[in-house]
Amino acid sequence: MANKIAVDPITRIEGHLRIEAQLEGGKIVNAWSSSTAFRGIETILKGRDPRDAHHFTQRFCGVCTTVHSMASIRAVEDALKIEIPTNARLIRNLIMGIQNVQDHVIHFYHLHALDWVDITSALAADPAATSKLAQSISDWPKSSTDYFKGVKERIAAFVNTGRLGPFQNAYWGHSAYKLPPEANLMAVAHYLEALEWQKDVIKIHAILGSKNPHPQTFLVGGVASPVDPNSQNGINADKIALMMKLFKKARDFVEKVYIPDLLAVAPFYTDWAGIGGGVGNFLSYGDFPESGGNDVDSYFFPRGIILGKDIANVLPVDERLITEYVTNSWYNYSGGDNKGLHPYQGETNHNYTGPKPPYKWLDTDGKYSWVKSPRYNDQPMEVGPLARILVAYGAGVPEVKGAVDFVLNTLGVGAGALFSTLGRTAARGVDCLILAQRNEKWLNELAANIGRGDYEVHNKERWDPSTWPSEAQGYGTHEAPRGALGHWIRIENGKIANYQAVVPSTWNAGPRDAAGQMGPYEAALIGTPIADPNKPVEILRTIHSFDPCLACAVHVMDGTGTEIVTVKAL
Amino acid sequence: MRVLVLGLGNALMSDDAFGVRVVERLQSRYRFPDGVTVLDGGTLGLDLLPRLEGVDKLLIVDAIEMHAEPGEIFRLEGEEVPRAFANKLSVHQMGVQDLLAVAELQGCCPPELVVRGAQPGSIEMNLELTPAVADAIDATVENVVKDLLEWGIAAEAIT
């Protein structure tokens, strides 16, 4: 019997992300992803000074404040042909690097882990056995019986207040949770440690960015952080030493806690190495230039695409082949809805044809999402850490190859396991590990460059608009924690004439295109087993493995305690 | 005693920016004594956690969904402030409730907590607040100054 379910995080804010899925024989046979997108930025930016754009785009997102600044200044620099100095390149790498590391750890412990770890089961754990387990996988010092006893008591006290707080989740006790109580307790302990850890390591953004929240160092042509070994206010030896301590702290936790936890939890869920594969096409813009200003050929994570899971053939990226479709999105294109448009020609004309809320089902035969469907050469592409890692692996980047092979060997699975929900989650860990290790190299290079007497952080040659051509266009890309982010800008007479952003979650969450091809979320859900349609934790596992980034736009507090997620079964 | 006045919201999303606008007005109209921080927190969730450390009294200004008329103003205190970490699909949905829940779990939740806010009318992308909510800024600024006075802090008006 066919059975349809909807998972909808309905807040009062219309939309966010909603999944409708059709079940047959306990498995998903069809799926639709619908969500709100951050659209309309072009109306706010049109007519403004392109050098100011990043101040606005930075506010797109409440978590990765840096990523939209980075893509924006790179778009302007591309349009105006501005090369940035070495110090600026390194400072940007460090800001992006720690952003990725912090973001991945938060995602793993504070969001995704709850899909795999049953907190309530942790209360049944034996602290001595937990200590033994922890010591068998890592030499991380916080692993004594007393330590885990303390954590258990703390959780029990918290649960006993009746206010579950972070652990409020309807799915506890679900049969899909497979970890023994001790592994659950260890994971909960690390959940708490990660909270404390992330709070410290992100101070790097305040050191480099002058302030956090919303670091202010981004600048077309470089960065605004002054480099001056003789000043208290600039980046000097003291600040470099402090950052080195924080980067080391970041790396220690990733090496000794995150990766061992990932490898300890994964063997209980190896069935998920065969679930959640998706479209099998991957796009990475590449990032982290290691020479010049923004020399694409020097990117530590290379730029490339993979088609049909063929990792042996990493193909070049031609930005001109990117288009967005609105066939199934609530927009109209002036030239017809079945033709994709390149972001330079992008249009954003709203055309909501969906049901009037509150509604039971979307009209999935017609338009059903606020997200457009980006395509590369008319193919849907998955973006994110898995895409980044696969492209780097295929391109033979030694650090990535080593880390991926280590993970695959430890878990006793082949490279094919990467194309899955588990593979996506493991790739995020690998991405985090590699960047955590690379950050210190970039910091050492920055220190060495300053030591050579180079204090340059900004290229002023084309700062003055009188040096600009009357018309220019460019695009800036960045590998954000969630993957390929692109901003496109057209400048006319010194002002912004058009601006479009294609964000990672649009690539992943977009609906079907004119040819009826599913987006990556939709394709990844096909074949997913659902043990209990009323508690579809399995859908959350796959969707969370992409690390969705859709609800960044607004921050309204709900004073009336409205339910956030409803699951409807029919 | 350390006090944090924390304005929250997305400056690009019309009335969602209420908390940010109140903080900006506070900063332009008043000088605050040492130990008082008035901060535009944007929409940052867990990144704000370090800012709560060592804070004795926290005053949050935010847009609040109270199912009321746009621009209506509210004051929530202590236990009235919801601390839920409901099921979510994205870390980007981490809001102030989550921040408080996590702070509580970490033992760094400020002992005294007040939330001042207004019911938003529109949270569409727009740099302007809707008129009713914009009108609520001044009253909220004055209320924040009064709250601070109750805590024994005199903000000095800039003339």
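I started with charges and rings in this predicted model. The charged end of A:Arg541 sits over the ring of A:Tyr177, 5.7 Å from the ring's centre. I then checked A:Arg51, whose charged end lies over the ring of A:Trp463, with 4.6 Å to the centre.

Next, ring against ring. I looked up how many aromatic pairs the structure holds, and the total over all chains is 21. I picked A:Tyr521 and A:Phe546 to look at: their ring centres are 4.8 Å apart and the planes stand at 55°, so I noted the pair as tilted. Where do the two partners sit? A:Tyr521 is in helix α15 (residues 520-525) of chain A, while A:Phe546 is in the loop between α16 (537-545) and β17 (557-558). They are 25 residues apart, so I wrote this down as a pair that links distant parts of the chain.

Buried or exposed? A:Tyr521 has 0% relative accessibility, so it counts as buried. A:Phe546 is buried too, at 3%.

I moved on to chain B for another pair. B:Tyr30 and B:Phe32 are tilted as well, 6.3 Å centre to centre with 45° between the planes. Both of these residues are buried.

Last entry: helix α4 of chain A, residues 86-111. I get 26 residues and a reach of 36 Å from first C-alpha to last, close to the expected 38 Å. Of those 26 residues, 25 are buried, so α4(A) is largely enclosed by the rest of the structure.

Methods: Residues numbered from 1 in each chain as written. Chains lettered and ligands numbered in written order. Predicted model: local features only at pLDDT ≥ 70, side-chain atom pairs only at ≥ 80, totals over all residues. Heavy atoms only, no water. Helix = DSSP H or I, 4+ residues; strand = E, 2+ residues; numbered from the N terminus. Expected span 1.5 Å × (residues − 1). Buried < 20%, exposed > 50% of the residue type's maximum accessible area, 1.4 Å probe, protein only. Phe/Tyr/Trp six-rings, centres within 6.5 Å; stacked < 30°, edge-to-face > 60°. Lys NZ or Arg CZ within 6 Å of the ring centre and 35° of its normal.
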